[in-house]
Amino acid sequence: MNEAAPQNHGEEPGPSRRSLLWTAGAAGAGLGLGGLSAQSAAADSAGSAPGGRPAAQSAPAAEDLSAEPKRRGPTMIGVPFERRSTVRVGLIGLGNRGGSMIDLFLAVPGVRVVALCDIVKEKAARAAAKVTAAGQPMPAVYTNGEDDFENLCARGDIDFVYVATSWDWHFEMCRTAMLSGKHVGVECPLAMELHQLWELVNLSERTRRHCMQLENCCYGRNEMRVLRMAHAGLFGDLLHAAGAYNHDLRALLFDPVYYENGWRRQWHTRLRGDIYSTHGLGPVANYLDVNRGDRAVRITSVGSPSLGLAAYRKEHVPPGDPSWKESYIEADRTISLIQTAKGRVIRLEHDVSTPHPYSRVNSLGGTKGLFEDYPERIYIEPDHTDDQWGDFGKYAHWDHWLWKEHANPPGGHGGMDYILIFRLMQSLRLGLVPDFDVYDAATWTAPVPLSNASIKAKGAPQEFPDFTRGLWRHKRPGMDSRKPEE
Ligand SMILES: NC(=O)c1ccc[n+]([C@@H]2O[C@H](COP(=O)([O-])OP(=O)(O)OC[C@H]3O[C@@H](n4cnc5c(N)ncnc54)[C@H](O)[C@@H]3O)[C@@H](O)[C@H]2O)c1
């Protein structure tokens with residue numbers, strides 16, 4: 001998997017930087033750090049990482065998450081987008097991911113890319129050239145330092161902000177976009193700390209803007225087919241599921257130019273735990289109707305020794321490389337178990353620092369049988385009774401309508417990136433309720449801080465916050481959508 005001329009714009013003024021920071025501090029003080037304690041945040045977030053925000057600004061001090069924060073506005077569950085004929089998009093972060101996802105925004109009907117932002121001028125210029133090559137007007141370009149994204153967010157002609165920067169920035173960029181009146185979608189993970197997840201939930205409710213985790217794996221063909229089959233009862237009563245991000249990223253992590261300033265490897269010196277949980281958890285949370293009838297209630301995590309990156313460096317990285325000054329603390333493999341309110345069990349894995357073929361595991365089991373991916377195989381009664389795996393290809397008629405309509409989608413990751421962007425932009429155009437919301441975003445990301453807290457506590461279970469504040473009990477549609485009338 002490929003990991004997966006400034007202008008003056010006289011648009012509406014956005015909130016001042018000071019007011020943003022005040023909002024963060026005030027909300028954070030009332031919320032609590034919980035799983036990732038103030039102490040551990042300080043220990044883990046070792047100052048400023050390359051391309052990152054200093055820890056002091058992103059970790060307001062607080063003490064306890066057990067008291068559920070008061071709702072700051074009505075729920076965002078079931079809230080539709082405003083209908084519009086064209087979706088006007090601003091993109092922040094135009095590296096590997098943003099620089100390729102822009103092709104898909106330009107390929108989807110009814111979308112206009114109006115503004116771009118990256119701290120690296122060449123990346124923004126390359127992306128701007130793609131916009132004009134697609135026949136759209138030259139977008140506004142923001143490359144004037146690491147806070148220039150605020151000027152993009154403040155524009156009056158943007159409906160949706162897409163964020164694909166290094167992880168340190170996700171929280172602040174989502175917050176700024178919502179405070180500027182924009183819906184926002186962010187690459188994984190939503191944010192790195194528990195109090196930040198709560199703050200984004202509260203802000204989404206207060207501003208009435210959607211804040212979404214753009215979890216492309218939820219839109220994979222297999223994932224959508226399994227989701228439909230699960231909802232149709234083909235697996236019986238659901239019992240267990242598993243998901244992972246097991247992807248050997250060692251060569252990319254040590255590549256001197258792939259990640260801007262090597263930001264991603266730095267996280268292996270900063271945080272121990274499942275630091276990329278959403279690819280694994282998102283799809284299986286959908287299978288189990290998490291936040292739509294069930295919910296994650298607690299998580300237990302353990303981590304293996306951290307040896308893989310140092311071993312790789314010894315073999316492949318020349319002496320004198322800046323990485324030789326680094327000590328890696330991230331477990332090579334983190335394994336977590338999540339239990340749901342209905343007693344189901346989810347196993348999550350994360351491993352990007354040892355040799356292995358790519359796998360998101362992606363399995364689902366119930367009283368009638370089992371699906372496992374990588375490679376895909378199925379065993380469900382009454383179709384299978386002989387102890388032999390069956391052919392998942394025979395269930396293609398269960399494909400989601402999105403995959404029936406887009407049999408060969410353009411773009412990377414087998415087409416799921418396109419399906420995600422197509423459906424999201426369709427929802428924004430037609431004024432639909434989005435397939436996923438801020439509660440899903442916070443839930444899928446929560447294992448990042450919670451696994452860290454559990455590992456520190458020698459595997460002790462950590463309570464999973466109920467970001468929906470009780471509304472998880474209600475059944476509602478998610479990605480298992482019906483095709484809308486255009
Ligand atoms: N969903 C997927 O399949 C998938 C695949 C790859 C990456 N990702 C995610 O995409 C995000 C970006 O990863 P990447 O591989 O593109 O990294 P990258 O380093 O190539 O790109 C990040 C970009 O953000 C820019 N940036 C950093 N700080 C900024 C700021 N303050 N203002 C404006 N721009 C800023 C950098 O200059 C860089 O161009 C990460 O969250 C990553 O996890 C998701």
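This is a predicted model: local features need pLDDT of at least 70, side-chain atom pairs count only at pLDDT 80 or more; totals for chains, interfaces and linings use all residues.
Colleague: What makes Tyr219 count as buried?

Modeller: The cut-off for buried is under 20% relative accessible area. Tyr219 has 1% relative accessibility, so it counts as buried. Phe436, at 2%, therefore gets that label too.

Colleague: Why is the pair of Tyr219 and Phe436 called edge-to-face?

Modeller: Two values decide it. Ring centres have to lie within 6.5 Å, and planes over 60 degrees apart count as edge-to-face. The centres of these two rings are 6.2 Å apart and the planes stand at 65 degrees, so edge-to-face it is.

Colleague: And what does the pair of Tyr219 and Phe436 tie together?

Modeller: Tyr219 is in the loop between β6 and α9, while Phe436 is in the loop between α15 and α16, so the pair ties together parts 217 residues apart in sequence.

Colleague: What kind of aromatic pair do Trp167 and Trp267 form?

Modeller: A tilted one, with 5.8 Å centre to centre and 40 degrees between the planes. Stacked needs under 30 degrees and edge-to-face needs over 60, so a pair with an angle between those limits is called tilted. Trp167 sits in the loop between β4 and α7 and Trp267 in helix α11, 100 residues apart. Both Trp167 and Trp267 are buried.

Colleague: How do you know that the charged end of Arg225 sits over the ring of Phe392?

Modeller: For an Arg, CZ has to be within 6 Å of the ring centre and within 35 degrees of the ring normal. The charged end of Arg225 is 4.6 Å from the centre of the Phe392 ring, and it is listed as sitting over that ring. The charged end of Arg313 sits over the ring of Trp324, again with 4.6 Å to the centre.

Colleague: Which residues touch the most other members in the largest nonpolar core?

Modeller: Phe105, Phe160, Tyr219, Phe235 and Met425 do, in a core of 108 residues. Helix α15 gives the largest share of this core, 9 residues. Another core lies apart from it and has 20 residues, including Ile275 and Val352.

Colleague: Why is helix α17 said to be largely enclosed?

Modeller: Of the 10 residues of α17, 9 are buried, so the rest of the structure largely encloses it. Among the buried ones are Pro447, Leu450, Asn452 and Ile455. Helix α11 is mostly covered as well, with 7 of its 8 residues buried; Trp263, Gln266 and His268 are among those.

Colleague: What makes the contact between the side chains of Ser323 and Asp321 a polar contact?

Modeller: The limit for such a pair of N or O atoms is 3.5 Å. The side chains of Ser323 and Asp321 make theirs at 2.7 Å. Ser323 belongs to the loop between α13 and β9, and its 0% relative accessibility is why it counts as buried.

Colleague: Why do Asn261 and Val361 get a mention for phi?

Modeller: Most residues other than glycine have a negative phi. Asn261 has a positive phi of about 60 degrees, and the phi of Val361 is near 60 degrees. Val361 lies in the loop between β10 and β11, and with a relative accessible area of 16% it is buried.

Colleague: Where are the cis peptide bonds you found?

Modeller: One joins Cys188 and Pro189, with omega about -10 degrees. Another joins Tyr374 and Pro375, with omega about -5 degrees. Pro189 is placed in the loop between β5 and α8, and Pro375 in the loop between β12 and β13.

Note on methods
Residues are numbered from 1 along each chain as its sequence is written. Side-chain values use heavy atoms; hydrogens and water are left out. A nonpolar core is a set of buried Ala, Val, Leu, Ile, Met, Phe, Trp, Tyr and Cys residues joined through side-chain atoms within 4.5 Å. Buried means under 20% relative accessible area, exposed over 50%, partly exposed in between (1.4 Å probe, protein chains only). Helices (H or I, at least four residues) and strands (E, at least two) are DSSP runs, numbered from the N terminus. Rings of Phe, Tyr and Trp (its six-membered ring) pair if their centres lie within 6.5 Å; planes under 30 degrees apart count as stacked, over 60 as edge-to-face and the rest as tilted. A polar contact is a pair of N or O atoms within 3.5 Å; within protein, one must be able to donate a hydrogen and the other to accept it, and residues adjacent in sequence count only if both atoms are side-chain atoms.
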